[in-house]
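Visitor: Please take a close look at one part of this model, and then follow the connections from there to the packing of rings and helices. I would like the cut-offs stated as you go.

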Amino acid sequence: MSTSALTNHNYDDVSKTPEQQKQSRRALISSFLGSSVEYYDFLLYAAAAGLVFPQLFFSNLSPALGAFLSYVVLFTGYLSRPLGGILFGHFGDRFGRKNMLFITLMIMGFVSVGIGLMPTYHYIGVAAPLALVFLRVAQGFAVGGEWAGATLMAMEHSQKKSRGFGASLAVTGGPTGAVMSTLMLGLFAGLPDDHFMLWGWRVPFLLSAVIVVIGLYLRLRVSESPEFEARVKRTDFKKTATPIGQMFSKYPKEVLLGTLAGMASLAVQALVMVIMVPYAVQASNGEITKSEVLFMLTVSSVLHIFAIPAFAALSDRLGRKPVMLAGAVFSAIAIWPMMWMFKTGDPLWVGLGFILGNPIIQASMYGPIGAFLSEKFDTDARYTGSSLTFQGASVLGAGLVPLVANRLLTDPATETYALGNIWSVAIYISVLYVISGIAVAASKETHPRVARH
């Protein structure tokens with residue numbers, strides 16, 4: 001981390017005026033709710049990818065190939081996220097965070113409604129999956145700009161001593177969106193199969209329009225980041241290199257280590273939500289329905305909402321590195337009992353597997369990630385830097401895991417999951433945690449109070 005990232009700020013908290021406190025609360029709330037809406041839309045596809053889309057958009061193919069291509073389309077959304085992060089990051093670093101967040105949320109609303117209205121393969125043939133790819137790419141593009149912007153708005157409006165907690169409120173939008181998406185999909189998955197496949201799956205996508213309108217209203221009422229406004233007033237602001245240029249000239253190490261550090265926790269998030277849902281249904285031999293598994297996932301996501309800020313608050317006290325390193329070591333080990341829980345197919349153990357996976361394993365490294373990545377960069381390149389690192393980690397972690405895990409689990413002879421292959425997935429995830437742990441260890445401490453001692 002550059003020394004200017006520490007010296008440019010006064011890390012002794014000062015009292016805020018009532019108006020500043022009001023704006024701070026509004027920024028935290030709008031970042032949380034706006035991020036929740038965006039991730040509701042983005043993760044709704046992830047929840048439907050293994051349960052619905054293979055039959056609707058790849059019905060002319062075998063079930064195994066249809067599921068694989070559904071995950072490929074899922075991956076395209078992750079591939080476009082770094083591009084969205086770079087574009088929105090550039091303008092967010094040059095012209096402010098607020099306007100970019102309004103645009104990303106509006107794009108997400110249009111995309112989700114588009115998916116909800118889209119004809120399936122039965123009606124328009126190959127045009128259906130092609131349209132799905134286009135919408136998924138646009139969706140990923142918008143989320144690429146959303147995460148960093150919402151995180152920065154929350155963090156830069158927070159007091160210095162609680163920046164980890166402040167940033168985590170935007171990060172918590174991920175599991176909140178997961179709760180909303182799996183709850184809605186779970187409710188409609190309880191319909192008779194023919195009704196669910198005909199129209200029930202569409203309703204959660206269409207309902208996002210209502211939530212988006214609320215999110216847009218809240219974002220219009222929040223003020224620009226005070227830290228960004230202070231940076232603009234400095235005489236050297238317009239003379240600085242472009243944000244993306246600084247990634248190569250000033251911050252290459254921070255980008256690489258930040259990307260690898262965030263990779264493992266994002267991999268677990270995608271694994272639990274996308275792969276373990278259909279796996280648990282198959283492992284139970286009919287004891288657990290799709291709807292019941294989705295509700296189990298919802299319960300774990302509710303706990304996840306509280307676990308993320310808890311680990312972030314701990315990093316405000318102890319530093320980012322100790323908390324994330326402990327999370328990496330714990331998670332590399334705990335992933336094994338989690339996999340065993342899912343393999344049993346027993347409803348109680350499967351439910352506990354979701355709880356171990358999301359609010360404990362995933363949150364232990366993910367909680368401090370917003371502040372850990374953002375604090376690596378100065379204000380005039382922070383939107384771009386945190387976007388690029390987080391979205392790069394998303395591609396390597398959350399984007400690849402459904403493809404890799406689905407490939408490792410599927411038995412070519414039966415085109416169903418071979419339950420015993422779950423241990424190869426456990427090895428894969430453990431290796432990711434080792435890599436992420438090494439990246440955290442090689443990084444400089446970003447918490448300003450801890451780093452200067």
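Guide: Arg234 has a relative accessibility of 37% and therefore counts as partly exposed (buried is under 20% relative accessible area, exposed over 50%, partly exposed in between, with a 1.4 Å probe and protein chains only). Arg234 sits in the loop that joins helix H12 (226-232) to helix H13 (243-249); helices here are DSSP runs of H or I with at least four residues, numbered from the N terminus. From Arg234 to Met263 the C-alpha to C-alpha separation is 35 Å, across 29 residues of sequence.

The model is predicted, so local features need pLDDT of at least 70 and side-chain atom pairs pLDDT 80 or more, while totals for chains, interfaces and linings use all residues. Residues are numbered from 1 along each chain as its sequence is written, and side-chain values use heavy atoms, without hydrogens or water.

The structure contains 15 aromatic pairs (ring centres of Phe, Tyr or Trp, the latter by its six-membered ring, within 6.5 Å; planes under 30 degrees apart are stacked, over 60 edge-to-face, the rest tilted). One of them is the tilted pair of Phe88 and Phe141, at 5.6 Å centre to centre with 55 degrees between the planes. This pair links distant parts of the chain, with Phe88 in helix H4 (residues 63-95) and Phe141 in helix H7, 53 residues apart. Phe88 is buried, because its relative accessibility is 6%, whereas Phe141, at 26%, is partly exposed.

Phe342 and Phe354 form an edge-to-face pair, because their planes stand at 85 degrees, with ring centres 4.8 Å apart. Phe342 belongs to helix H16 (residues 320-344) and Phe354 to helix H17 (residues 347-366), 12 residues apart. Phe342 is buried at 0% relative accessibility, and Phe354 is buried with a relative accessible area of 0%. Elsewhere, Phe53, Phe57, Trp201 and Phe205 make up one aromatic cluster.

Helix H7 (residues 127-156) also packs against helix H5 (residues 98-117), at an angle of about 145 degrees and with the axes 8 Å apart; axes are lines fitted to C-alpha atoms over the stretch in contact, with angles from 0 to 180 degrees between N-to-C directions. Contacting residues (heavy atoms within 4.5 Å) include Leu101, Ile107 and Val111 in H5 and Leu135, Ala142 and Met153 in H7. By class, this contact has 11 nonpolar, 6 polar and 1 charged residues.

Methods: Helix = DSSP H or I, 4+ residues; strand = E, 2+ residues; numbered from the N terminus. Nonpolar A, V, L, I, M, F, W, Y, C, P; charged D, E, K, R; others polar.
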